Amino acid sequence: MPVRSPGRRWKAWEDRALLAHDDAEAAAAELGRSEASCSVRLWRLKTGKVRRPEDGPADA
């Protein structure tokens with residue numbers, strides 16, 4: 001089985017867009033990501049598993 005390459009990293013502007021939509025399906029179309037990916041990221045942002053964009057360093 002081939003080794004999977006690392007996925008795309010989430011950028012602060014993508015996190016802000018995801019939180020603004022507060023809906024994985026709507027954000028997925030705008031961000032060019034899967035609905036599942038957006039759903040998991042939104043859950044992680046809401047539960048504090050990852051820092052919200054305003055909490056961390058600014059990176060475009």
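Predicted model: local features only at pLDDT ≥ 70, side-chain atom pairs only at ≥ 80, totals over all residues.
Start with helix H1, where Ala12, Glu14, Asp15, Ala17 and Leu18 are buried.

Now step back for a moment. The protein chain has three helices and zero strands, and reading along the sequence gives the pattern α-α-α. Its C-alpha atoms fill a box of roughly 40 × 25 × 20 Å along the principal axes. Of the 60 residues in the chain, 27% are buried. The accessible surface comes to about 4500 Å², and carbon and sulfur atoms account for 52% of that. As for contacts with a separation of 6 or more, 38% of them link residues 24 or more positions apart.

Back to H1 and its partner. The axes of H1 (residues 12-21) and H3 (residues 35-47) come within 10 Å and cross at roughly 90 degrees. On the H1 side, the contact is made by Asp15, Leu18 and Leu19, while H3 brings Cys38, Arg41, Leu42 and Leu45. Sort those residues by class and you get five nonpolar, no polar and two charged ones. A bit of helix geometry is handy when you look at such a list: an α-helix has 3.6 residues a turn, so residues three or four places apart point the same way.

Which residues does Asp15 touch, leaving aside its neighbours within four places in sequence? The contacts are Trp10, Arg41, Leu45, Arg51 and Pro53.

In soluble globular proteins, nonpolar side chains tend to be buried together. Here the largest nonpolar core has 10 residues in all: Trp10, Ala17, Leu18, Ala24, Ala27, Ala28, Leu31, Cys38, Leu42 and Leu45. H1, H2 and H3 are the elements that give two or more residues to this core. Which helix gives the most to it? That would be H2, with four residues.

Neighbours within four places in sequence aside, Cys38 is in contact with Trp10, Leu18, Ala24, Ala27, Ala28, Leu31 and Arg33.

One is Asp22, in the loop between H1 and H2. Just after H1, the backbone there takes a positive phi of about 55 degrees, and Asp22 is a residue other than glycine. Is Asp22 buried, partly exposed or exposed? With a relative accessible area of 45%, Asp22 is partly exposed.

The other spot is Glu54, in the segment after H3. At 54% relative accessibility, over the 50% cut-off, Glu54 counts as exposed. Look also at where this part of the chain ends up: the C-alpha atoms of Glu54 and Arg16 are separated by 8.6 Å, although the two residues are 38 residues apart along the chain.

Note on methods
Residues numbered from 1 in each chain as written. Heavy atoms only, no water. Axes fitted to C-alpha atoms, helices over the stretch in contact; angles between N-to-C directions. Contact = heavy atoms within 4.5 Å. Nonpolar A, V, L, I, M, F, W, Y, C, P; charged D, E, K, R; others polar. Buried < 20%, exposed > 50% of the residue type's maximum accessible area, 1.4 Å probe, protein only. Core = buried A, V, L, I, M, F, W, Y, C linked by side-chain atoms within 4.5 Å. Areas by Shrake-Rupley, 256 points an atom, 1.4 Å probe, with all protein chains shown as cover.
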